[in-house]
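Please find below a short note on the structure shown here.

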Amino acid sequence: MKITVAPAIHLLHEAAHATLATHSTQLAGYPYATAVPCVVDAAQCPLFCVSLLAEHTKNLLADRRVSLSVVGAENGNIQAGVRMTVIGDVERFEPSAELVARYLRYQPDAKQYLELDFAFFRLQPKRIRYIGGPGKMGWIEDERWAGLPLLPEVAEADLLLQLAGSVPAGTHLLGIDCFGIDYAVNGRRARQRFPELRSAENLAATAPRIVAGLL
């Protein structure tokens, strides 16, 4: 079945956490799964900020190949729910100030960890298995993911700064991309899905109206 990219991207943004499976260095040949916060960068690649002492980090440094399981909101029947598995390679990197700020908007509790032995890793997808429910499943290849339009972190930060005064008390804008806008109301994350893909130029011109209409 032909699967469009947008629902998979929305699921990544709507999930506050995911399950990361690495190759165990303690028991060769066995997968090691652990829960991690879910944040993506401008290119819709999952990011991890993890301790260098953690077991899964040691696994990452020994073998870059991983998979990430993301599950949609609980509906009482996991087999009928939306979910996806991202298979790819992880790389350690030094984030820009704008990317750190983006990460902390989604995961503010992580600020305390940045002063410790935590490091950033990025998952570059190779194949994605998306399941939207019974009979709605298929693969998304890496070239489709790599060709996605993006709003650079610097441009996003400028745009969010312009929009900061447009939201009511108790509401915080987390991020904006060409597929939707993420926000939190009284600490609860939500996402406004755009009905159609928007360019970076279109976002700059229409974002105030988007915010006014979504909150």
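1. L20 has L68 as its bridge partner in β5. β1 and β5 pair in the antiparallel sense over three bridges; two strands count as paired if DSSP finds at least two bridges between them. Helices (H or I, at least four residues) and strands (E, at least two) are DSSP runs, numbered from the N terminus.

2. This is a predicted model, in which local features need pLDDT of at least 70, side-chain atom pairs count only at pLDDT 80 or more, and totals for chains, interfaces and linings use all residues. Residues are numbered from 1 along each chain as its sequence is written, and side-chain values use heavy atoms, with hydrogens and water left out.

3. β5 also pairs with β6 in the antiparallel sense, over seven bridges, and R65 stands opposite D89 in β6. The covered face of β5 consists of V66, L68 and V70, whereas R65, S67, S69 and V71 form the uncovered one.

4. In helix α2 (residues 55–62), H56, T57, N59 and L60 are buried, meaning under 20% relative accessible area, with exposed over 50% and partly exposed in between (1.4 Å probe, protein chains only). These buried residues fall within an arc of 155° seen down the axis of α2, so they line one face of the helix; the arc is that of the directions from the helix axis to the C-beta atoms. L61 and A62, on the other side of α2, are exposed.

5. Y130 lies in strand β7 and is buried, with a relative accessible area of 9%. Its contacts (heavy atoms within 4.5 Å), not counting residues up to four places away in sequence, include L11, M84 and I140.
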